[in-house]
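Open the model in a viewer and keep the selection tool at hand. The stops below say what to select and what is there.

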Amino acid sequence: MADAVVIGAGPNGLVAANLLADAGWSVEVLEAQDEPGGAVRHDHGVDPEFSSDLFSAFYPLAAASPVLAGLRLEKEGLDWTHAPKVLAHPLRDGRCAVLSRDVEETVASVEAFAPGDGAAWKELHEVWETLRPGVVDALFTPFPPVRAGARLALRLRAAGGLRLARTMVLPVRRLGEEEFRGKGGRLLLAGNALHADLAPEAAGSGGFGWLMSMLAQTYGFPVPVGGAGALTAALVRRLTRRGGTVRCGERVTEVVVRGGRAVGVRTASGGAVRARRAVLADVSAPALYGSLVAEEHLPARTLADLRRFQWDFATFKVDWALNSPVPWSCPEAARAGTVHLAEGVDGLTRFAAQIAMGRVPDEPFVLFGQMTTADPSRSPRGTESAWAYTHVPHRVRGDAGEDGLTGSWDAREQEAMADRVEAQVERYAPGFRGLVRARRVLAPPTLESMDANLHGGAINSGTTALHQQLFFRPTPGTGRPETPVPGLFLASASAHPGGGVHGAPGANAARAALRRQRTAALSRLQRTLTQRDRKGER
């Protein structure tokens, strides 16, 4: 019997398992898929000579994460690399906003759109540098971040107090209009906000766009050398060296609750795996409370709140093996690892509005990844391993385009949507389609079949909108990994602080489990001492 059973070998589950193993616990990780990694995997399925990331690809939050830094995965053979530029947002008129790890290069790019905008970007960066230590500490610690929050409050006061707080909750469209005269700075902020499901008019999208932009400015968008799975492999190697085990092809179907606490799990094969101390679940909140834990063990309030849980946008992804680099009309885009494709902030608003209305966008906002540009080991010299993803509604009520897409995502609809994505790329890189050696389409149902946490293709385990963050995540409460079932902890991106490969939800769950054991041990000791005192009195 292991001290802890971890459901899911995604990055959060593996981080949790590593921290428990560091504390001397025996740990068993059960993964439904045939390989570990969750949404952090790569393969050679597009072309044998090309390494293609299946899901996530760029990792700014991993680079910033003190959780991952503390694991020292470089000792396990993990190496990171960067594209020459972090990201680019080209326009059809030939201009291009570029974000570089060199702040002066970013300033110059933004300044080219309007005099004075470079200085405005530098001011936003100076605010970030003032707040960065406090923001990073608060972001990656359990909620409420008491100590980190206190330090951040002091820095926040020095950086502008309430006025800065107002700036952070602004919609990103309004933030861009207040800070910049031209399109460059506005594009960088708004495009980064839509890495999540935050429309330009959404409250708080300004703060999120600013955070992602500043993470990019400081840490870049690094990638693991060789493919995303290199990060997973390092986590597994570290865990194995500490005595932990990972069993793949073991789908958990039930969390076993006895005597009011979680004592283990059952798997689809009919096996029972007992846990001496804790069960940690790197699964979505709806899966945990709606399937794995029987209703009789959950408060009615939790079940009612779960019915209001909101997923982030569904995702549609295309992978390519290209015979040569992408022929961007804007040469600056050729050196960026990530390229945003939408015609200005208005294009982003139009895209998000179509999704909100349940319509498949006709000109999708495309996030395009140039993986060989970031890591030359991904494909043969002179070629490019590339991907793009966009978002679509979970429930399709119509098609804003001319293909009659219904959301069935059968073979015809997958090919039509992939063509639509390619058409968007062609608008900024004429001749792109002629370079395609091979492509692979990953529609929302395909993504979910490859990782059950990607419900309907949602990649962040729940919306990033303010109403489902902090103490509202995953449902209104404390924002902590503890669940209504003692001994059971939520260790996925459905928990605070949410999506992004940084390991914080897993780390928070592991620390909560360790803290519970320490508290229980102290309580037992106190009871023993009290009993001895009473016997002595007699």
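**Stops on the tour**

Select proline 364: beyond its neighbours within four places in sequence, proline 364 is in contact (heavy atoms within 4.5 Å) with Leu341, Phe351, Thr390, Met417, Arg420 and Gln424. This is a predicted model, in which local features need pLDDT of at least 70 and side-chain atom pairs count only at pLDDT 80 or more, while totals for chains, interfaces and linings use all residues. Residues are numbered from 1 along each chain as its sequence is written, and side-chain values use heavy atoms, with hydrogens and water left out.

Proline 364 sits in the loop between strand E15 (359-360) and strand E16 (366-370); strands are DSSP runs of at least two residues, numbered from the N terminus. Proline 364 counts as buried because its relative accessibility is 0%, where buried means under 20% relative accessible area with a 1.4 Å probe, protein chains only.

Next, select aspartate 399, in strand E18 (residues 398-399). Its relative accessible area is 13%, so aspartate 399 is buried. Show the side chains of aspartate 399 and arginine 420: a polar contact of 2.8 Å joins them. A polar contact is a pair of N or O atoms within 3.5 Å; within protein, one must be able to donate a hydrogen and the other to accept it, and residues adjacent in sequence count only if both atoms are side-chain atoms. A polar atom of the aspartate 399 side chain also lies 3.4 Å from the backbone nitrogen of aspartate 403.

Definitions and conventions: Helices (H or I, at least four residues) and strands (E, at least two) are DSSP runs, numbered from the N terminus. Buried means under 20% relative accessible area, exposed over 50%, partly exposed in between (1.4 Å probe, protein chains only).
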